[in-house]
Structures are given as structure tokens and as C-alpha cells.
Amino acid sequence: MIKVIITGSNGFLGQSLLNLLLQDSTSYQVIGFSRGINRSGRDDFEYVSIDLTNSKLLEENLLKFQPDFIINTAAMTNVDFCENNKIECDALNVGVVKTLVAMAAQIKAHVIHLSTDFIFDGIQGNYKETDTPNPLNYYGVSKLKSEEILKNATIDFTILRTILVYGEVFDMSRSNIVLWVKEMLENKKEITMVNDQFRTPTYVVDLAQACKISMDQRSKGVYNIASNTLLSIYEIAQQIGTVFGLDTSYIKAISTSTLNQTAARPMKTGFDLSKTKKELKFHTKSFTEDLQRLKKNGMK
Ligand SMILES: NC(=O)c1ccc[n+]([C@@H]2O[C@H](COP(=O)([O-])OP(=O)(O)OC[C@H]3O[C@@H](n4cnc5c(N)ncnc54)[C@H](OP(=O)(O)O)[C@@H]3O)[C@@H](O)[C@H]2O)c1
């Protein structure tokens, strides 16, 4: 039996991971650490209501549970909020990782940590795990700092970098591109989407699967997790409309220069997936195929 703590179990990936791992309750004992009440819609796992930035409380709880794995999905992911609130951003995205790593060394736990394409500047695109990061915004800086903490530690760790995650879980307190575009088109509302930023979006079910594979294989190091086709945000919206049979004429293309966002975004990211295919034996599909799976699966 593998004992695994999921930090941020109320979050998007956190809930998807609960759904995946709790399917096999003979192999995994799952404990969720998140703030406030348990909002996952499930009660078949142990839940600890905790502010992860309270390092003393976090240490005490990690010592109490002695997990084999810690999957750290908790993060401040609002890019503009991070830009304006760097101290709060650091407390969660960097400080919590420091505590987790120090405790993992003590209790001999393997840490699986989530990172982002936003550690890159978006000039080159199609990034390999070994490419040089150069974040354009503070969210990216904080996630890069978190990666460095793991890389400089002497613990077993896996960093899964991912891009523009979407899907559907029980508590959708934060929306995502697919649900938002779908809802807008269903309500026949015009939307503007940038046609000069490029991404390889990630189905949350695949990201959860990649976490599970990393645990099962005890894989170490950095891996890219995303779909396999680079698309502009405008093309992403078009494909969402098409797969869900909605009128795509409501989608208008605009350029990034017309937006007035607080934090800069990388123009072209996307991942090279060769290492993930070769070492994790994990093959992701195109965005359209993933959308069709989402349409068929519904909430996961
Ligand atoms: N979503 C994306 O598109 C994307 C893209 C690239 C990388 N990533 C990375 O993937 C990981 C998972 O992202 P996600 O979208 O699943 O994030 P998410 O939905 O925002 O989930 C994060 C969870 O952490 C919880 N949390 C935040 N601060 C906390 C604190 N102080 N104490 C306890 N819990 C706290 C949040 O609680 P509340 O629900 O109460 O706020 C939330 O449930 C993150 O590391 C992120 O950087 C995500």
C-alpha cells in the first residue's frame, strides 16, 4: 500500500487525482491537505484542513502521516495576482516547497511537484526539459524557484511541467479555457481570443495519470506533460466550438498587443514530449482527440 499526500486536494488537479487514485484503494492510501472544508465531493479519503503556509502545522502533519509520496498540486496560479502580490505568491509557490522538501528528506518521501511552461520566455517554443528557463512574469519566477529547491535537494523528486490545464471536476471554483469558451458559445456571446500566443493544452485527466505513472515507476527528474499539437489560443477556441457543435462565428481573433494584462505572457510555449514518451511510456494525443474524450467522459 502506497501512502500518498495530495496538497491542494480541493484544487483542479487535486480533485482529479483523488478520483484516479481512489479507484484503486487497495494500492493507495490517500490523504488530502487543503484549506477550508473538503470541497472534492468525496469522503472516502482522509482530509486535513490546513493552511500549507503554516510551516509548523505542515511539518507536524507530515510527521504524523509519514507518506511515501507527496504530490504538491497546491499553488497560486493566478498569473496577474502573483505579479501584484509577490510575497503571498512566494509563501505558497516557494515557501511551502521548501518545507515539503526539508520534511521529505527527514521522512524519506518522494515529492512529485507540478511546474509550468511559464518558466520559459516563449521565444523558441516546443521546449525540452533541458532548455534554459527565462520567465517573463512573477508566477513563472516563483515556479522556477520551486524547481531549483527540488533540484538542489538530496531527496527523490519528480517535476511534471504542464500547460493550460482544462477539464471538469466536482468543485469548479476556478474555470478553465474549455468550460469558459463552451459556456460563452452556448450563451451566444461574442468572445475575443489571441491568435499570436501558442500552447499545447493539457487534459487534467492526463495530468493526473502522469502523476500516478511517476509514482508507480518512481520516475525521477523533469518531465513535460501536455497534448501533442501546438495551437494558437484562437485555434483552441475554434476546436472547442467545433467539437461541442457550437457556432464558432462568435469567436473573434485579436492580438496580444490589444490586451492590457498586468503580467507578460510567453508568446509560444508547447512542449517536446520525446522524453515523456520514452521514459514514462506516456503518449498524449491531439487537443481535438482529448476534447472528444472530455465530451464522452464528462466530469472526471
Ligand atoms: N491550471 C493550469 O492551467 C496550470 C498550468 C501549468 C501549471 N499548473 C500547475 O499545476 C498545479 C496544479 O494547478 P491547479 O490548476 O490544480 O491549481 P488550483 O486549482 O488553483 O489548486 C490549488 C489548490 O491549492 C489550494 N491552496 C492554495 N493555497 C493554499 C494554502 N495556503 N493552504 C492550503 N491549500 C491551499 C487551493 O485552495 P482553494 O481552492 O481554497 O483556493 C486549491 O484547492 C500547480 O502547481 C500549477 O502551478 C497549472
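## Two residues with positive phi

Gln66 lies in the loop that separates α2 (55-65) from β4 (69-72). In this predicted model, Gln66 adopts a positive phi of about 50 degrees, although it is not a glycine. Gln66 counts as exposed because 12 C-beta neighbours are found inside 10 Å.

Leu164 also has a positive phi, near 40 degrees, and is a residue other than glycine. The loop that holds Leu164 runs between β6 (157-162) and β7 (165-166). Leu164 has 21 C-beta neighbours inside 10 Å and therefore counts as buried. Gln66 is thus exposed, whereas Leu164 is buried.

## Overall fold and dimensions

The protein contains 10 helices and 13 strands. Along the principal axes, its C-alpha atoms fill a box of roughly 55 × 40 × 35 Å. The radius of gyration of the protein is 19 Å, which agrees with the value near 19 Å for a compact globule because the chain has 300 residues.

Of the 300 residues of the protein, 44% count as buried. Among contacts with a separation of 6 or more, 79% join residues 24 or more positions apart.

In soluble globular proteins, nonpolar side chains tend to be buried together. Here the largest nonpolar core comprises 77 residues, and Val4, Val111 and Cys211 have the most contacts inside it. Helix α4 (residues 86-107) provides the largest share of this core, eight residues.

Which residues does Val111 touch, if those up to four places away in sequence are not counted? The contacts of Val111 are Ile70, Asn72, Leu100, Val101, Ala104, Leu150, Ile155 and Phe157.

## Ligand surroundings

The ligand is surrounded by 27 residues, of which Gly8, Gly11, Leu13, Ala74 and Ala75 are the closest. By class, this shell consists of 11 nonpolar, 12 polar and four charged residues.

Two elements, α1 (12-21) and β5 (110-116), each supply at least two residues of the shell around the ligand. The largest share, three residues, comes from α1.

Key: Residues numbered from 1 in each chain as written. Predicted model: local features only at pLDDT ≥ 70, side-chain atom pairs only at ≥ 80, totals over all residues. Core = buried A, V, L, I, M, F, W, Y, C linked by C-beta atoms within 7 Å. Buried ≥ 20, exposed ≤ 12 C-beta atoms within 10 Å, placed from the backbone. Helix = DSSP H or I, 4+ residues; strand = E, 2+ residues; numbered from the N terminus. Contact = placed C-beta atoms within 7 Å. Near = placed C-beta within 6 Å. Nonpolar A, V, L, I, M, F, W, Y, C, P; charged D, E, K, R; others polar. Rg over C-alpha atoms; globule rule 2.2 N^0.38 Å.
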